[in-house]
Amino acid sequence: MITLHEVYEQGSDDVKAAVRSFGARHLIPGVAPDEPDWKRAEQHFTYLIEVIMGAAAPLPAGTTDIVRRAEQEAIGFLLAVDLHTDYRCPICVKQGFLR
Ligand SMILES: [Zn+2]
């Protein structure tokens with residue numbers, strides 16, 4: 001599965017901006033208020049792909065296509081939410097993280 005870092009490396013300027021913005025949703029208040037917690041951001045990007053893939057388990061043959069499509073969807077999601085300056089990472093919301 002693609003990592004957030006790979007998405008950044010391979011992405012266009014828009015994608016890079018969206019990845020930075022997603023990282024910025026993962027600050028650690030009081031500890032590293034200016035530096036994104038990339039480990040958590042990575043984790044949440046992976047969860048996001050898994051959520052998009054849905055409960056399609058057990059995955060049938062042709063899984064690669066499903067994963068690739070989910071990865072594209074996840075990148076599309078980052079680009080879409082990046083238009084909203086005050087969005088919150090849905091995985092953080094789900095896990096009850098406070099910004
Ligand atoms: Zn998150």
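Visitor: How do you know that the span of helix α4 (residues 63-81) agrees with 1.5 Å a residue?

Guide: The expected span of a helix is 1.5 Å times one less than its number of residues. For the 19 residues of α4 that gives 27 Å, and the end C-alpha atoms are 27 Å apart, so the two agree. Helices here are DSSP runs of H or I with at least four residues, strands are runs of E with at least two, and both are numbered from the N terminus. Please keep in mind that this is a predicted model, in which local features need pLDDT of at least 70, side-chain atom pairs count only at pLDDT 80 or more, and totals for chains, interfaces and linings use all residues. Residues are numbered from 1 along each chain as its sequence is written.

Visitor: Which residues of α4 are called buried, and what puts them on the same side of α4?

Guide: Ala 70, Glu 71, Ala 74, Ile 75 and Leu 78 are the buried ones. They cover an arc of only 140° around the axis, and therefore lie on the same side of α4. A residue is buried if 20 or more other C-beta atoms, placed from the backbone, lie within 10 Å of its own, exposed if 12 or fewer, and partly exposed in between. The arc is taken from the directions that run from the helix axis to the C-beta atoms. Exposed Asp 65 and Ala 80 sit on the face of α4 turned away from its buried side.

Visitor: What do the buried residues of α4 pack against?

Guide: Their partners are α1 (4-10), α2 (13-23) and α3 (38-53). Contact requires C-beta atoms, placed from the backbone, within 7 Å. Between α2 and α4, for instance, Asp 14, Val 15, Ala 18, Val 19 and Phe 22 meet Ile 75, Leu 78 and Leu 79.

Visitor: Why is α2 described as it is relative to α4?

Guide: Their axes come within 9 Å and cross at roughly 80°. That makes α2 roughly perpendicular to α4, because the class covers 65 to 115 degrees. The axes are lines fitted to C-alpha atoms over the stretch in contact, with angles from 0 to 180 degrees between N-to-C directions.

Visitor: And what puts the buried residues of α3 where they are on the helix?

Guide: In α3, the buried residues are Ala 41, His 44, Phe 45, Leu 48 and Ile 49. Their arc is only 145° around the axis, so they share the same side of α3. Their cover includes α1, α2, α4 and α5 (90-95).

Note on methods: Two residues are in contact if their C-beta atoms, placed from the backbone, lie within 7 Å. Angles under 35 degrees count as roughly parallel, over 145 as roughly antiparallel, 65 to 115 as roughly perpendicular and the rest as oblique.
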